[in-house]
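User: I would like to learn how to read the features of a model like this one. Please give the general idea each time, then the case at hand.

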Amino acid sequence: MPDEIYLSIIIPAYKEEKRLQKIIGAIKAYKKEHDFNLEAIVVIDGHADTTWEVAKEITADLEYVKIIDRKENKGKGYSVKEGVLAARGKYILFTDADNSTPLQQVDKLLKL
């Protein structure tokens, strides 16, 4: 099926207003390099700063990005779980907003 999502990328986001652009940029670049469908799910874990507003602004033109806005902070594990439960991909990856492990590393996992 052409509309099937191959890879879901979950990004838990708490106080990530300054780092979120880094992972979104990496996802945009990754998508251009691959011919499969992917989705990105940003899970906003409470409103301690302007992460929600930044996320909306930098993903406004990206139809493959979904934002889950949780008003209350419940922690990284909870955010990852919520993103995984919302994911539709055959494979699911979670990554931090600072892209500390480069997104391209997932290609090594997908080969296996």
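User: How many residues of strand 2 are buried?

Analyst: This is a predicted model, in which local features need pLDDT of at least 70 and side-chain atom pairs count only at pLDDT 80 or more, while totals for chains, interfaces and linings use all residues. Residues are numbered from 1 along each chain as its sequence is written, and side-chain values use heavy atoms, with hydrogens and water left out. Buried means under 20% relative accessible area, exposed over 50%, and partly exposed in between, with a 1.4 Å probe and protein chains only. Helices (H or I, at least four residues) and strands (E, at least two) are DSSP runs, numbered from the N terminus. Eight of the eight residues of strand 2 are buried, so strand 2 is largely enclosed by the rest of the structure.

User: Which residues of strand 2 point one way, and which the other way?

Analyst: In a regular strand the side chains alternate between the two faces of the sheet. In strand 2, L38, A40, V42 and I44 point one way. E39, I41, V43 and D45 point the other way, and all of these residues are buried.

User: What is the order of the strands in the sheet?

Analyst: Strands of a sheet pair through backbone hydrogen bonds, either parallel or antiparallel. Two strands are taken to pair if DSSP finds at least two bridges between them. Here four strands form an open sheet in the order 3-2-1-4, with parallel pairing. Strand 3 (65-70) and strand 4 (91-94) are the edge strands, each pairing on one side only. From one strand to the next the twist averages 20°.

User: How many bridges join strand 1 to strand 2, and how many join strand 2 to strand 3?

Analyst: Strand 1 and strand 2 run parallel and are joined by seven bridges; S8 stands opposite E39 in strand 2. Strand 2 and strand 3 also run parallel, with six bridges, and R70 in strand 3 is the bridge partner of D45.

User: Which residues of helix 1 are buried?

Analyst: An α-helix has 3.6 residues a turn, so residues three or four places apart point the same way. In helix 1 the buried residues are L20, I23, I24, A26, I27 and Y30. Seen down the axis of helix 1, these fall within an arc of 160°, so they line one face of the helix. The arc is that of the directions from the helix axis to the C-beta atoms. On the face turned away from the buried side are the exposed residues K22, K32 and E33. Helix 1 covers residues 20-33, 14 residues in number, and reaches 20 Å from its first C-alpha to its last, close to the 20 Å expected at 1.5 Å a residue (1.5 Å times one less than the number of residues).

User: What do the buried residues of helix 1 pack against?

Analyst: They pack against strand 1 (7-13), strand 2 (38-45), helix 2 (51-59) and helix 4 (106-111), where contact means heavy atoms within 4.5 Å. Helix 1 lies across strand 1 and strand 2, running at about 170° to strand 2. Helix 2 packs on the sheet too, touching strand 1, strand 2 and strand 3, and its direction makes about 165° with that of strand 3. Axes are lines fitted to C-alpha atoms, for helices over the stretch in contact, and angles run from 0 to 180 degrees between N-to-C directions.

User: Which residues of helix 2 are buried?

Analyst: They are T51, V54, A55, I58 and T59. Down the axis of helix 2 these residues fall within an arc of 105°, so they line one face of the helix.

User: How many aromatic pairs are there?

Analyst: A pair of aromatic rings is described by the distance of the centres and the angle of the planes. Rings of Phe, Tyr and Trp (its six-membered ring) pair if their centres lie within 6.5 Å; planes under 30 degrees apart count as stacked, over 60 as edge-to-face and the rest as tilted. The count comes to three aromatic pairs. The ring centres of Y6 and Y91 are 5.3 Å apart and the planes are at 75°, so this pair is edge-to-face. Y6 lies in the segment before strand 1 and Y91 in strand 4, so the pair ties together parts that are 85 residues apart in sequence. Ring pairs link Y6, Y30, F36 and Y91 into a cluster.

User: Where is N99, and what is its phi?

Analyst: Most residues other than glycine have a negative phi, and most peptide bonds are trans. N99 lies in the loop between strand 4 and helix 4, and its phi is near 55°, a positive value in a residue other than glycine. N99 is buried, with a relative accessible area of 14%. K15, in the loop between strand 1 and helix 1, has a positive phi near 55° and is partly exposed at 45%.
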